[in-house]
Structures are given as C-alpha cells and as structure tokens.
Amino acid sequence: MNWRTIISVVLLVSLTVAKALPRTSQDVEGKTSIGQRFSQLHENNFKAIALIMFAQYVPGGTFGRAAGMAEQVTALARSCAAAARDSPDCLKPLNRIFFDTICQEKNLPRIADCCAKEDPERNDCFISLKNFSQGFIPPLERPDAKAACRNYSQHQQLLTGYFTYEVSRKHPFLPAPTILSVALRYEEMMKRCCGGSEGSSQHLEECFRTQAPKVVKPVREDAMRQEHTCGILKKFGERTLKALKLTQISQKFPKADFVTVHKLVMDVADMHKDCCRGDTLDCMRDREGILHYICSNQHILSSKIQQCCEQPLLQRSECIIHVENDDKPADLSPHVREFIEDKGVCERFAQEKDTHLARFLYEYSRRHPEFSAQMLLRIGKGYEDLLQECCRPGAPSGCRSRGEEELRKHIYETESVMRTSCDIYNEKGDYYFQNELLMSFTKKMPQLTSAELIGFTKEMTTVGSKCCQLGQDKLLPCAEENLDLVLGEICRRHLADPINPGVCRCCSSSYAFRRPCIGKLEVDESYVPLALTPGLFAFHEDLCTTEEEKLQHRKQEMLITLLKYKPQISPEQLGSITAAFSAMREQCCGEANPEACFLKEGPELIKRSEKMLSA
C-alpha cells in the first residue's frame, strides 16, 4: 500500500484562510453533504479529519485500516464535490457514510454488534464504544533520537499520519481541530530537531527533551479540560453547565446584552453535549457554528477578538478562549441592587425562576472579572437561597437586605483562603508547599496511593507557581479555576474507585461548593491506619543520592507512609521525627558503608519515634 498516497501530507494543513468555515448560517445549521464538506475543508484537511474519525471510532483497529478507510471516504467526497453530487451515495448523511465504511471492513474489533443495528441506534452504538483515555503516551521514538530522525527523513508523511492516528485513538473524545493543532506542533518539533545537518546524539536528545513537552502538554491539558467539562455535565447536569458557561461568557463579553449571551450559552452547552457524547461530526459542526456567530458579531460582543477571527480556523477557537476579557461598558453601574431592592423581585422569581437567576448571574458576572466562575456560581446559589427564604409568605420585612452582608462575608472568606495559600507558597517555595499539601490531603484521602497523592499535589503546586505571582484582579480566576481542574481529576478518580464518604459528599453534592467542601475535610475517621510491619519504613543508601529531585520524591513517599500510619500525628511530633531522620541520614551518608549504617540506625529511629508517638 502506498502510504504517501494515503496520508498525502495529512498534517501539513495550513487552513490559512477561513474557507474551512461555512460562510452562511444555512451551511452551519443544516446538515452539510459530503461534497460540500470536502469543498469547505479541501482535500488534505478532509482526509486528516477522516483519519481522526476512524481512529476514534475504531480504537482497536490499526493505522493501516484507518488510513485505508480515510482514503476511501475521501475518494467519494472528491467525486461528490466534482460532478456526482446528485448520486444517492453523495446525499447520505455524513455519519452514515463513515459508519457504512467501517461496517464494510472485515474483522474489525468490537463493531459487529453496532453494524447489525439501524441508524440512529447504530450511531449511538458506535459512540458507546468510545472511552476516555487514561493518559497520553506520545508516540515518539525515544530515547533513540537518531533513529527517530532517520525514520522522519525517510517516511515523513507516514510518521506524522501515524502520530495523528495515535493521538486520536488514545483520546477518542478530543475534537478533531485540537488533534490537528497538536499534530502541527509535532511536525514543527520533528523539523526543528531533525531538519538541520546531522547532529550528535546528545544534541538530538536535548532537542527532543525540550521540544516534546510543547507537543505533549497541550494534549494533556486539552484532554483534561474536555474530561472536566464532560464530568460536570454528567455529574451535575445541563443546568449547572449552562450556569458555568453563563458566568464565563458574561465575563468574556461584558458589553453583550443578555439575549446574545443567553444564545451563546445555549449553543455552547449544545456543543458540549455533542462533544461529550462522542459525536465527532456534530461536535465539529457546533464549534464552527459558534465561531461563525462570534466572528460575525464582533461589534456587539468584544473589541478584543478581531485578531482571533483573522487567524486560521485551527487557531481561532483556542485564541478566543484565551483572549482577555473585553473592557466593561463605561456606563455600567457597580452594583446590582435592583435584584434585592426592587418590589417585583419575588414576583419575577416565582414566575420565571431560572430566567431571573440567569439575569442576576449575567449582571453580576459582567461586573466582576476579578472573581472566579466557581465563586460567581456560589454567589448565584446564595442569591437563590436568599429569595427562596425571603419570598415565602410571612417572611420578615428587610429579609432580603441581609443578602449584601452575606455576600461580602463570602467574598472575604474566599479571598482570604487564596491569599493565605499564596502567602505559604511564596514563603516556602515549591517543595515545602507541596509537602504542606501532602500532609493535608493524605489525612483527607489516605486511600489514595503515594503516586496519586504526589501527582495531585504536584499539580496544585503548579497552580500556586502560576497564579500566586498575579495581581489581585487575576488571582482568583487563575487559582480557583485551575484548582478546580485538579479537584475534577480527584472526583473522577473517586467515581472510578471510591475514596471515602467525605470525598463522595464533596464530589456529589454541589459543583460550585466542591472546592470549599474538600478544603474543609479533615482526617478521614473511617480509615484504618497502616500496621507497623518490619518493611513499612525501610531506609537504604538510595537516601544518599545527590539528585535532589529523587531525594525529595523519596522523602515525600516516607512522609505519606508516616501519615497513613499515624493520621493524628501533631505538627510537633512530625517536626521531631523529621529532625531525627535528617540527623540519621546525614550520619549514615557520611560513613564508608551507608547501607550498614541505615540497617543499624533505621530500626532505632523507628523505636524512638514509636515511643514518642505512643506517649
């Protein structure tokens, strides 16, 4: 099989103009035919997206089979765009064409049951085969960098196509434009590292070491955000997702009126429903429709997005997501007292509860870009609770007036938590700040493995390094929204393998209050501490390593074990044991035979520590 024909510069996609974006509302809102789609995307882009779809829908297949099906569908699309647009095959819905192509293949894994069904049940069946990946392993030929570059020079298009296939297969819910973007970054990395004259192995290794994170990290982040959004939709429902998007869009476009923001909220929620369901084509179509609407209505949305709308389609969505919030209207009053003081508030709340609450959230969010979306949701919930209490018959006069005081209290508490955390981070630095988090989260969630605890707290520490240097106007959105991603990971871990009742309560009761709830968790009383066995605390000469990162990791593992053994340990006791351990390490690592020293001194340290802990 001629791979160069099949892949044909799969990822050298420019999408240099917005021709890939439908130009009319009819194109966006209607079901576009395969010939129209081919003309909009152009051949290389169409073929790349076809490869992505087949990789995502048949993750147990092979690259060769997926590439062959992509070529087959592209050939049909080419003929439909050229002359045969009235052919029955050209008029089929796109999903049906893709699934018909899969079902014509022999011996593909796990598809026979789906192919026996009729649409739309067949479509649902294929979507049900998708599962979120448990992690991304980049298909790079490391550590042999020279072999990777030799392979790239001989099979450039094949290698890039295979990368696209692997990312798609391992992330079946990741949108096609995101995968195309990361494949472009992969192509740029290979050109940068392998494109020059033959360098030394050390030079190539260093190039891959520095460039690979630029390829891998965005995939991990995008996949995490996708899982996070889908997790919110699945666990807390469409109403919570819409409220979250309402706060974010209102902050992004504070000049837009409520009707415009509401339309975007509904469109974005519908897009996430399709994307989270795994409907690749509808997900893409929804995304394009939203981008088309935003870029066609810049004058009523934002003065900050013109540059984004001039970018190629692949970069446009990411640009708009990360562009700074537009400036607030000059005549926007600082307060929303009409939602408290107006005489008709209770009547509107009774007649159109969700619309009234949405208007409050819209008005409050557009005035406060310095607040996190999660905090704004908590404020919205507080307002709803206030009206439910104060609008009931017999409620005391002036009941609603206490709302402002409660609001100020909540804002102060949230800002205090973030400021305190950043003060600790700025004082202690990455390693000791992470240790503080380890002590807290090991007591809250001792059922997690050491690797999980170190991994989650490492991500939280990264949030500190990213956000604690920002000004007060950006601290809360950065800190709480990034922390929310980590807590979402923990809650998905809990969903897959329950941790404990406290985590269950926090992960299930309220999305907006998830962070404060987990913050207030203390020692898990249901946990049975580890028994003191001979191998529980083992001290060896690996503690004498001069590699600081390895030593820190080893010490963190021992800290976790100690906390799982004695969850109620006091800070003073922990300080004493830590000092005794450091003294033992310094003594043994200074001796000619460190291992013999650790074998002698280690048990003595355990005895002394146990005696102190039992006192």
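User: Which residues of helix H10 (residues 145-154) are buried, and what makes a residue count as buried?

Analyst: In H10 they are Ala-145, Ala-147, Ala-148, Cys-149 and Tyr-152. Buried means under 20% relative accessible area, exposed means over 50%, and partly exposed is in between, using a 1.4 Å probe and protein chains only. Please keep in mind that this is a predicted model, in which local features need pLDDT of at least 70, side-chain atom pairs count only at pLDDT 80 or more, and totals for chains, interfaces and linings use all residues. Residues are numbered from 1 along each chain as its sequence is written, and side-chain values use heavy atoms, with hydrogens and water left out.

User: What covers those buried residues of H10, and what makes a run of residues a helix here?

Analyst: The cover includes helix H11 (156-170), H12 and H13. Helices are DSSP runs of H or I with at least four residues, strands are runs of E with at least two, and both are numbered from the N terminus.

User: How do you know how H12 and H13 are oriented to each other?

Analyst: Start with the angle. Helix H12 (residues 176-194) and helix H13 (residues 201-252) pack at about 175 degrees, and their axes are 9 Å apart. The axes are lines fitted to C-alpha atoms, for helices over the stretch in contact, and angles run from 0 to 180 degrees between N-to-C directions. Under 35 degrees counts as roughly parallel, over 145 as roughly antiparallel, 65 to 115 as roughly perpendicular and the rest as oblique. H12 and H13 are therefore roughly antiparallel to each other.

User: Which residues make that contact, and what is its make-up by class?

Analyst: From H12, the residues include Val-182, Tyr-186, Met-189 and Cys-193, while the H13 side includes Leu-204, Phe-208, Val-215 and Asp-222. Contact means heavy atoms within 4.5 Å. By class there are 13 nonpolar, 2 polar and 4 charged residues. Ala, Val, Leu, Ile, Met, Phe, Trp, Tyr, Cys and Pro count as nonpolar, Asp, Glu, Lys and Arg as charged, and the others, Gly among them, as polar.

User: Let's turn to Asp-279. Why is Asp-279 called buried, and where does it lie?

Analyst: The relative accessible area of Asp-279 is 3%, so the residue falls in the buried class. Asp-279 is in the loop between helix H14 (258-277) and helix H15 (280-296). Leaving aside neighbours within four places in sequence, Asp-279 is in contact with Tyr-57, Asn-95, Asn-123, Ile-127 and Asp-274. An unreviewed UniProt entry places the feature "binding site" at Asp-279. UniProt positions are given in the numbering used here, feature names are shortened, and annotations may be inferred rather than shown by experiment.

User: What makes His-42 and Asn-107 worth a look in terms of phi?

Analyst: Most residues other than glycine have a negative phi, and most peptide bonds are trans. His-42 has a positive phi of about 75 degrees, and phi of Asn-107 is positive too, near 60 degrees. His-42 lies in the loop between helix H3 (34-41) and helix H4 (43-57) and, at 38% relative accessible area, is partly exposed. Asn-107 lies in the loop between helix H7 (94-104) and H8, and its 76% relative accessibility makes Asn-107 exposed.

User: Is the peptide bond from Asp-119 to Pro-120 cis or trans, and is Glu-118 buried or exposed?

Analyst: The bond is cis, with omega near 5 degrees. Pro-120 lies in the loop between H8 and H9. Glu-118 is in the loop between helix H8 (112-115) and helix H9 (121-128), and at 61% relative accessibility Glu-118 counts as exposed.
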